Amino acid sequence: MTGAGRPVPAEAPAGLPAGFAPALIAWQRREGRHGLPWQGTRDPYRVWLSEIMLQQTQVSTVLSYYPRFLARFPDVASLAAAPVDDVMALWSGLGYYSRARNLHRCAQAVMKDWAGAFPQRSADLATLPGIGASTAAAIASFCFGERVSILDGNVRRVLTRLLAFDRDLAQAGPQRELWELAQALVQPDAEADDMVAYTQGLMDLGATVCTRTRPSCALCPVQDLCEGRRSGDPTRFPVRTRRLNRRFEAWWLLLIERPSDDGHTEVWLHKRPERGIWAGLFCPPVFDSREALCAAVPSAMAELLHDGDAVAHALTHRELRLHPVSLQWPAQADAPGAAASGQWVRRDQMTQVGLPAPVRPWLAA
Ligand code: SF4
């Protein structure tokens, strides 16, 4: 096993489709995605940043965040030196905020433990905060030509179909076995440029051809090698039995607003705890019922509460129903009673603090 938790076999298991890697590399060079802002660089900082942003987030969204982030933090040193709240603010709207916290911790670890230069081996990269085995492989293959395979969700889909791999990926054993097969498919004599095309090819094939519900097998560069296609129903791969059970919760958010001395409007925000949903972000006070929210404001003001339209917000393990309740607060009045641990933030300065995506429209200037 490597430090990334990825086993590397001594020799390729028999029965793998010969010609997969060359066909994929040739197709990527011919028809794959080129010209994305994070392509064509061997700078591990830029590759790492894009890989973390692209986890759970569409390319079209990352296209606007990536240049903004680089403009503010052009290198790992500037990111490591920044306050974590600045990083969270720039991440605001991308979701999965543990990525931003780990990004900051990882930058600090690179500065402290690696003298400011990312390590080159995937096994070392995978010891850094927030860098899993597949991300480590992507950085090592793109930037340093390491002959190592990525295996994110898209690639799992491509390879299980290619190989008609029908073992249950909810189990650790089959997961390990698929890692071994992925590694065995890498060309043992691939040059650094080949590894760039191979890794990008795996990503491109999963994103644009071998899609989840309707793979375009007729356009696929490895259709002649694909056992899943030969079986007649490639979409039955990958096999994964465990299903996520989402818990339903109702949240009531108290949007307290007051005029400021200089003619602006301010909103009262809490900083969320460092663990849990929206950890470390700024947010209006949250209550688990409307009764609890009412109890937090002076009884004389309860009649001034105004209910907005509720919105649904799905997280990995929760289904949230968010109920905004607004309240006009007198100018220069003290912090609101039971919701006291927070701060006033001007509406026109909301972009400078990290906010959870679903509450941003309520707080926009
Ligand atoms: Fe996916 Fe179809 Fe290509 Fe097989 S032939 S890898 S199922 S797109």
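Q: Which strand does S1 run parallel to, and how many bridges join them?
A: In this predicted model, strand S1 (residues 247–259) runs parallel to strand S7 (residues 318–328), and 11 bridges join the two. Strands here are DSSP runs of E, at least two residues long, and helices are runs of H or I, at least four, numbered from the N terminus; two strands pair if DSSP finds at least two bridges between them.

Q: Nice. What stands opposite Glu249?
A: Leu320 in S7.

Q: Does S7 run parallel or antiparallel to S6?
A: Antiparallel, with four bridges between S6 and S7. A hairpin of three residues connects them, and Ala314 faces Glu319 of S7.

Q: How many bridges does S5 make with S7?
A: Two, in the antiparallel sense, with S5 covering residues 306–307. His306 has Ser326 in S7 as its bridge partner.

Q: Switching to the ligand, which residues surround it?
A: Arg161, Val209, Cys210, Pro215, Cys217, Cys220, Gln223, Cys226, Arg229 and Pro234, each with a heavy atom within 4 Å of it.

Q: And how does that shell divide into nonpolar, polar and charged?
A: Seven nonpolar, one polar and two charged. Ala, Val, Leu, Ile, Met, Phe, Trp, Tyr, Cys and Pro count as nonpolar, Asp, Glu, Lys and Arg as charged, and the others, Gly among them, as polar.

Q: OK, pockets. Which helices supply at least two residues each to the lining of the largest pocket?
A: H1 (20–31), H2 (44–54), H8 (133–144), H9 (153–163) and H11 (192–209). The largest share is from H11, with eight residues.

Q: Which cut-offs and numbering apply?
A: Residues are numbered from 1 along each chain as its sequence is written. Local features need pLDDT of at least 70 and side-chain atom pairs count only at pLDDT 80 or more, while totals for chains, interfaces and linings use all residues, and side-chain values use heavy atoms, leaving out hydrogens and water.
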